[in-house]
Structures are given as C-alpha cells and as structure tokens.
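Could you walk me through how this fold holds together, from its charged pairs to its strands and rings? Please keep the cut-offs in view along the way.

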Amino acid sequence: HLGPYAALLGTDLDPHAVEAARANLARAGVERAVVEAIDALAFAPRGLRAIVTNPPMGRRVERGTHGELLERFVERAAELLPEGGSITWVVPEPKRIRAAAERSGLRVARAITVDMGGFPAEMSVYVKETSGRSRPSASRKRR
C-alpha cells in the first residue's frame, strides 16, 4: 500500500506463523505476496531491494544464542542486498548487531530506541554501502 513493488516475500520456520501472515495479507488486500515456511538464513530471492523483519526477541531461538542468530542474519542480509539496499527491523541488542552490520558493509541510516514491554530495543534502518563511497582514513587529518 505504500508504493509500487514487484513482489512481497516472507518466511518463517513456524507453519502457524506462515498461515497467520498469509491471512493477514489477504485481509489487507495485499496481492503478489508469497509467504513460505523457509529458514530466512537459507532464503535467497532474486531482485531483493529491501528487507523488513521482526526477528525473534530471544525466546524462540532454536539454533545457537539469540545474538548469534541476529549476527548471522545481518551478515546474510548484507550478502543478499545490492548496493543501496536496506534492512528495516527491530534489534534487541543494537550495539552488538551494529558492529556485525558494519563489518558486513551495512551502515545505520536511522535508529530510534523503543520499549518492547520491559526491555529496550532499536528500530533501525541499515543500508548497504556503495563501493564508490570512500571512508575517511582514521589517520587522515581534517584541514
């Protein structure tokens, strides 16, 4: 509803969550949406420009720790996104995930702290840097 799109793709490991997402999309009148029971870390759609996600907040993590899962996800997102592509999400461990994002070539474009009902998280937009963008060297002095 916010603008043109070629397709909306969604994944979740939980088949009940997949069915709920499909029902919500249908009720909202969203067309050209596909939601599948697939591991987001293994999903590799073509033509990806943006990722919008609400990752697990720590209670439903089945493989490794919560922080490890979020680090793997941000690394995978950086692999899949083209230059200028973005990921918008809620991050419960912002310092740790920002560091992983920066190592992977993503920079924070916007971020605000939100209360998740008892713990703080960060709603943020990370953008994949362009290869032509040069970062100032730490040893370079400003004139």
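**Salt bridges, strands and rings**

A search of the whole structure turns up six salt bridges, where a salt bridge is a side-chain nitrogen of Lys or Arg within 4 Å of a carboxyl oxygen of Asp or Glu. Before we look at them, note that this is a predicted model, in which local features need pLDDT of at least 70, side-chain atom pairs count only at pLDDT 80 or more, and totals for chains, interfaces and linings use all residues. Residues are numbered from 1 along each chain as its sequence is written, and side-chain values use heavy atoms, with hydrogens and water left out.

Let's begin with Arg-22 and Glu-36, which form a salt bridge whose closest N and O atoms are 3.7 Å apart. This pair links distant parts of the chain, with Arg-22 in helix H1 (residues 15-28) and Glu-36 in strand S2 (residues 33-36), 14 residues apart. Helices (H or I, at least four residues) and strands (E, at least two) are DSSP runs, numbered from the N terminus. Arg-22 is partly exposed at a relative accessible area of 33%, and Glu-36 is partly exposed at 35%. On this scale, buried means under 20% relative accessible area, exposed over 50%, and partly exposed in between (1.4 Å probe, protein chains only). Glu-19 joins Arg-22 and Glu-36 in a network of salt bridges.

Another salt bridge joins the side chains of Glu-122 and Arg-98, at 3.0 Å from N to O. Glu-122 lies in strand S6 and Arg-98 in helix H3 (residues 94-103), so the pair ties together parts that are 24 residues apart in sequence. Glu-122 counts as buried at 8% relative accessibility, while Arg-98 counts as partly exposed at 29%. The side chains of Glu-93 and Arg-96 also meet in a salt bridge (3.8 Å, N to O). Both of these residues turn up again around Gly-67, which is in contact with Glu-93, Arg-96 and Ile-97 when neighbours within four places in sequence are left aside; contact means heavy atoms within 4.5 Å. Gly-67 is found in helix H2 and counts as buried at 3% relative accessibility.

Seven of the nine residues of S6 are buried, so S6 is largely enclosed by the rest of the structure. Strand S5 (residues 106-115) pairs with S6 in the antiparallel sense over nine bridges; two strands pair if DSSP finds at least two bridges between them. Here Thr-113 stands opposite Glu-122. The hairpin of S5 and S6 has four residues between the strands, and Gly-117 takes a positive phi near 75° there.

S6 also pairs with S4, in the antiparallel sense over six bridges. Val-90 has Met-123 in S6 as its bridge partner, and Ile-87 has Tyr-126. S4 is mostly covered, with five of its six residues buried. Strand S3 (residues 50-53) pairs with S4 in the parallel sense over four bridges, and the bridge partner of Ala-50 in S4 is Ser-86. Thr-88 has its place in S4 and counts as partly exposed at 27% relative accessibility.

What about the rings? The structure holds two aromatic pairs. Rings of Phe, Tyr and Trp (its six-membered ring) pair if their centres lie within 6.5 Å; planes under 30 degrees apart count as stacked, over 60 as edge-to-face and the rest as tilted. Phe-73 and Trp-89 form a tilted pair, 5.6 Å centre to centre with 40° between the planes. Phe-73 lies in helix H2 (residues 66-80) and Trp-89 in strand S4 (residues 86-91), so this pair ties together parts that are 16 residues apart in sequence. Trp-89 and Tyr-126 form an edge-to-face pair, 6.0 Å centre to centre with 85° between the planes. Trp-89 lies in S4 and Tyr-126 in strand S6 (residues 120-128), so the pair ties together parts that are 37 residues apart in sequence. Both Phe-73 and Trp-89 are buried, and so is Tyr-126.

How far away is the nearest side chain of opposite charge from Lys-128? Lys-128 is buried yet has no salt bridge, and that nearest side chain, Glu-83, is 7.1 Å away. Lys and Arg count as positive and Asp and Glu as negative, with His and the chain ends not counted. The backbone oxygen of Leu-81, however, lies 2.9 Å from a polar atom of the Lys-128 side chain.

Technical notes
Polar contact = N/O pair within 3.5 Å; in protein donor to acceptor, adjacent residues only side chain to side chain.
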